[in-house]
Amino acid sequence: MSLQARYWKQTFEFNFRARTSRGLMRDKTSWFVQVCDSDNPSVTGIGECGPLPGLSIDATPAFEEILAHTVNKISALDAPDLAALDTILPDHHPAVMFGFETALLDLANGGRRMVYKNNFTNGGQKIPINGLIWMGDIDFMMNQINEKIALGFRCIKLKVGGLDFDRECDVLNYIRKRYYKENITIRLDANGAFKTDDVLYKLTELSKFDIQSIEQPIKPHLEEMEELCRKTPIPVALDEELIGVAESGRMVHLLDHLKPQFIILKPTLHGGLRKCAEWISLAEARGIGWWITSALESNIGLNAICQFTGNYPITLHQGLGTGAIYKENFASPLTVEAGHIFLDPQMEWQRVDLR
């Protein structure tokens, strides 16, 4: 027995104008890795490597070269071995790590897109998720908010920092006035857009709308973020500070130094599945809340992240509702209904073949 690994590249086009505080996105490219046993090539494990340009530390011109090198190393293994990845891959390739972790776990579980065996994968767990509101003009955002709430979402996440601040406050005021009976949880994501000289003023103004948390209010800067986490009137949720921090001692130091109220974990950005599990363990030991968020993956990556999330007792809304953002995606049993995501046991995965 020996493993065989291959990869292919695929670009997904958004089905709307995907605007963030970093600018407009028209499409998203991922690389898919496929691993099989040479004695049984019809059973394949598949994973997604989808670094985000401008954010992922492995979104470099050498990415595909690293991917090809890893494929060759995996093809020299005799069996699906996650521990081997730690010697094959350095810590600064989290997107590649996530893709191969997913593919090897999938293969070990029979090549059925089952990454973990838990209550989520057997259809018994429905994970509460937030409804993501994308940036745009006021009418576009209002329509999204009304649609999400009508569909049963009770947690709404809005991008802020890309429009006029007063207009963004108007949107929040609209939610609170129109949906005061629905007890809507509001999360904000600034993507580092606020300036340090006025961030506390803006957070104070935003706190008037009963905000659960704000993600990445300023750009990553340890000393400034440490002060902000101490003084903030809105709980701060960090994710970009975690990018590139993979050594256990550095992880401990970051959490102990910044003391954030929440951390947000994206396996593609934060070291893969096992490293996210380590972040969760460290956060829980310090009373820091956490949730998992996808990072514009297709349904292949989203499935793995959902199944990973299903390993934990979930009390907070997760950020896993991005499966319908592309014009073409892999058909999957992932189903979103009434603000929850689950695997429908009556549906099957679309066959995925190397392109």
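**Entry 1. Terms and basis.** I take a residue as buried under 20% relative accessible area, as exposed over 50%, and as partly exposed in between, with a 1.4 Å probe and protein chains only. The model is predicted, so I note that local features need pLDDT of at least 70 and side-chain atom pairs count only at pLDDT 80 or more, while totals for chains, interfaces and linings use all residues. Residues are numbered from 1 along each chain as its sequence is written, and side-chain values use heavy atoms, with hydrogens and water left out.

**Entry 2. Two residues with positive phi.** I looked up D210, which is exposed with a relative accessible area of 55%. Its phi is near 55 degrees, a positive value in a residue other than glycine. D210 is found in the loop between α6 and β8 (211–215). I then turned to N191, which is not a glycine either and has a positive phi of about 50 degrees. N191 lies in the loop between β7 (185–189) and α6 (199–206). In contrast to the exposed D210, N191 is buried, with a relative accessible area of 11%.

**Entry 3. The chain as a whole.** I found 10 helices and 13 strands in the protein chain; helices (H or I, at least four residues) and strands (E, at least two) are DSSP runs, numbered from the N terminus. Of its 355 residues, 56% count as buried. The radius of gyration is 20 Å, which agrees with the value near 20 Å for a compact globule of 355 residues; the radius is taken over C-alpha atoms, and the rule is 2.2 Å times the number of residues to the power 0.38. Along the principal axes, the C-alpha atoms fill a box of roughly 60 × 45 × 35 Å.

**Entry 4. An open sheet.** I traced 3 strands in an open sheet, in the order β4-β13-β12, with antiparallel pairing. β4 (127–128) and β12 (334–337) stand at the edges, each with a single partner strand, so one side of each is left without a neighbour in the sheet. Strands count as paired if DSSP finds at least two bridges between them. β4 is joined to β13 (residues 340–343) by 2 bridges, and I127 stands opposite I341 in β13.

**Entry 5. Strand β6.** I noted that 5 of the 5 residues of β6 (residues 155–159) are buried, so the strand is largely enclosed by the rest of the structure. C155, K157 and K159 point one way, whereas I156 and L158 point the other way. In a regular strand the side chains alternate between the two faces of the sheet. Strand β5 (residues 131–133) runs parallel to β6 and is joined to it by 3 bridges; I133 stands opposite L158 in β6.
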